Amino acid sequence: MTDTATAAPADEAPAPYDLTLTLAGIRKHGPCEGGWRKLLAHLGKTRADDDPLTIVTVYASNGFDDALWCLRAMPDDRLSRHFQAWCAEQLLPIFEAERPDDARVRYQIAMLRNDVATREERAAARAAAWAAAWAAASDAASDAASDAAMDAARDAQERQFRRMIGLDQ
C-alpha cells in the first residue's frame, strides 16, 4: 500500500493526496472513546504517538464514519476538501433546480477544490453556501423518500471515499 492516492474529477488532473496522519494528531481532536480504543487495539498500541499511519488504516480498523472524522487530523486538508466538494456536487443539480439563480453552493464547491484559496476565502464561501443550503432545506419535506435518498447518498459517499484513498478504482 502506498501513502498517496489520486482522485480528481474527469476534467482535472489527478492530485496526489498525502494519506498520513498520527495517533497524536487524532487524539488532539478528541475522538470518541470507543473509536479511539478500537483503533489503538487494531494497531496494538496503548497510547498516542507520532508514528505515521494512513487514513486507509483508520478506515480498515474503524470504518467509514471514523475515517471521515479523522480527516480533520490530517496535516494536508486537500482530501477532506475535495471529498466535501464531491459530496456537494452530487446534490448541486437538485439545489440548482430549486434555486437556479443562487450560485453560492457552486462557488463553495469551487473554493473547496481551489488549493491556493486562503482560509478566509474558504470560510466566506462556506458561510454563504451553508446559508443557501439551510434555506433550501427549510423548503424540503422530510419523509420516507428523503430517508431513502440519504441512505443512497451515504453509500455513494463511501464508494467515492474508497476511490479517493486508493482502495477502489
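A residue counts as buried under 20% relative accessible area, as exposed over 50%, and as partly exposed in between (1.4 Å probe, protein chains only). This is a predicted model, in which local features need pLDDT of at least 70, side-chain atom pairs count only at pLDDT 80 or more, and totals for chains, interfaces and linings use all residues. Residues are numbered from 1 along each chain as its sequence is written, and side-chain values use heavy atoms, with hydrogens and water left out.

**Helix 5 and helix 6**

- Helix 5 (residues 78-98) and helix 6 (residues 104-113) pack at an angle of about 160 degrees, and their axes are 9 Å apart. Helices here are DSSP runs (H or I, at least four residues), numbered from the N terminus; axes are lines fitted to C-alpha atoms over the stretch in contact, and angles run from 0 to 180 degrees between N-to-C directions.
- The two helices are therefore roughly antiparallel (angles over 145 degrees).

**Salt bridges**

- The structure holds 12 salt bridges, each a side-chain nitrogen of Lys or Arg within 4 Å of a carboxyl oxygen of Asp or Glu.
- Arg106 pairs with Glu96, with the closest N and O atoms 2.8 Å apart. Arg106 lies in helix 6 and Glu96 in helix 5, so the pair ties together parts that are 10 residues apart in sequence.
- Glu96 is partly exposed at 22% relative accessibility, and Arg106 is partly exposed at 46%.
- Arg81 and Asp115 also meet in a salt bridge (2.9 Å, N to O). Arg81 is buried at 5% relative accessibility, whereas Asp115 is partly exposed at 37%.

Methods
Parallel < 35°, antiparallel > 145°, perpendicular 65-115°, else oblique.
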